[in-house]
Amino acid sequence: MYIIYIHLHVIIIMTILNINIKEKDKKKLQSLVESNKNKSMSDVVRKLLSEKIKIEEFSREIESSSNVEIPEYIPKNKYVGFVKGAIIAVADTVAEVAQVSAEKFPNGPLVIKFNGQKKKPMEYCFMSLSDLQCWKYVNVEDITYPIIPISLQIDPNEINLFALVDTAASLCVLKEGLINSSELRINREEQVSTAAGVIDTKIYLAKIKIMENEFKIEFMIAPIDDSLPFNILIGRNLLDALDAYFFGKKQMVCLKVVEE
């Protein structure tokens with residue numbers, strides 16, 4: 001349906017959407033609007049639709065990115081990184097390829113393949129974004145990881161890294177050996193429960209930047225294997241300031257800052 005307004009010889013054509021909503025969903029929508037005191041029904045619906053459209057558009061854009069083949073000229077037993085079908089790195093470990101992508105192509109989508117006999121994957125287990133931002137899962141030899149690009153700010157340096165969202169961790173964890181610990185600010189010492197038991201460890205303080213938003217966070221340092229394409233875990237001490245959405249079938253992770 002279209003409504004046409006004619007004013008001062010200017011013709012404006014507006015599309016009117018007529019959406020049939022179940023009664024129970026109408027009540028939920030009304031409740032949502034009432035909880036957002038400074039927003040109208042139109043504002044809330046527009047935002048919901050905008051986020052859904054962005055997710056679907058991003059999903060279509062990345063569908064073809066995983067269909068890549070390693071060229072014959074690539075040396076054997078090397079890991080090869082692809083972004084949008086183009087080779088961006090060739091290295092001995094997944095971690096090296098991922099770091100190149102974090103520094104040069106942080107928004108991916110990153111696919112990592114091994115040019116040799118397929119290796120058994122390592123299992124891993126670790127105890128203003130006002131607009132929705134999405135990233136495709138990083139693909140390493142058909143194993144996927146919900147990873148986002150971040151910057152770790154340790155004055156005067158800023159390091160681009162890939163981070164794994166870890167809802168099981170209460171604290172962020174930085175890969176051991178990535179930064180000289182003497183350059184870091186110790187905030188406190190604490191006992192931390194890990195898979196290996198309770199340990200005494202130093203808790204450091206730094207700033208993390210996701211998109212253009214800065215967060216002051218605490219983190220500890222621990223080993224993360226080079227076969228994994230990330231070097232920092234985002235724990236709940238940072239996740240509590242974010243809304244995180246995981247789309248397993250679409251292989252996407254989306255974030256936005258929690259609205260006050």
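This is a predicted model: local features need pLDDT of at least 70, side-chain atom pairs count only at pLDDT 80 or more; totals for chains, interfaces and linings use all residues.
**Figure 1. Close-up of the disulfide between C134 and C254.** The sulfur atoms of C134 and C254 stand 2.1 Å apart. One disulfide is found when the whole structure is searched. Because the torsion about the S-S bond of C134 and C254 is about 105 degrees, this disulfide is right-handed. C134 belongs to strand 6 (residues 133–136) and C254 to strand 17 (residues 252–257), so the bond ties together parts that lie 120 residues apart in sequence.

**Figure 2. Solvent accessibility of the two disulfide-forming cysteines, C134 and C254.** C134 has a relative accessibility of 6% and is therefore classed as buried. C254 is likewise buried, its relative accessible area being 0%.

**Figure 3. Pairing of strand 6 with strand 17.** These two strands run antiparallel and are joined by four bridges. Within the pairing, Q133 is found opposite L255 of strand 17. In general, the strands of a sheet pair through backbone hydrogen bonds, in either a parallel or an antiparallel manner.

**Figure 4. The open sheet of three strands, in the order 6-17-16.** Pairing in this sheet is antiparallel. Strand 6 and strand 16 (242–247) form the edges; each has a single partner strand, so one side of each remains without a neighbour in the sheet. On average, and with direction ignored, neighbouring strands of the sheet are turned by 20 degrees against each other.

Terms used: Residues are numbered from 1 along each chain as its sequence is written. Side-chain values use heavy atoms; hydrogens and water are left out. A disulfide is a pair of cysteine sulfur atoms within 2.5 Å. Buried means under 20% relative accessible area, exposed over 50%, partly exposed in between (1.4 Å probe, protein chains only). Two strands pair if DSSP finds at least two bridges between them. Axes are lines fitted to C-alpha atoms, for helices over the stretch in contact, and angles run from 0 to 180 degrees between N-to-C directions.
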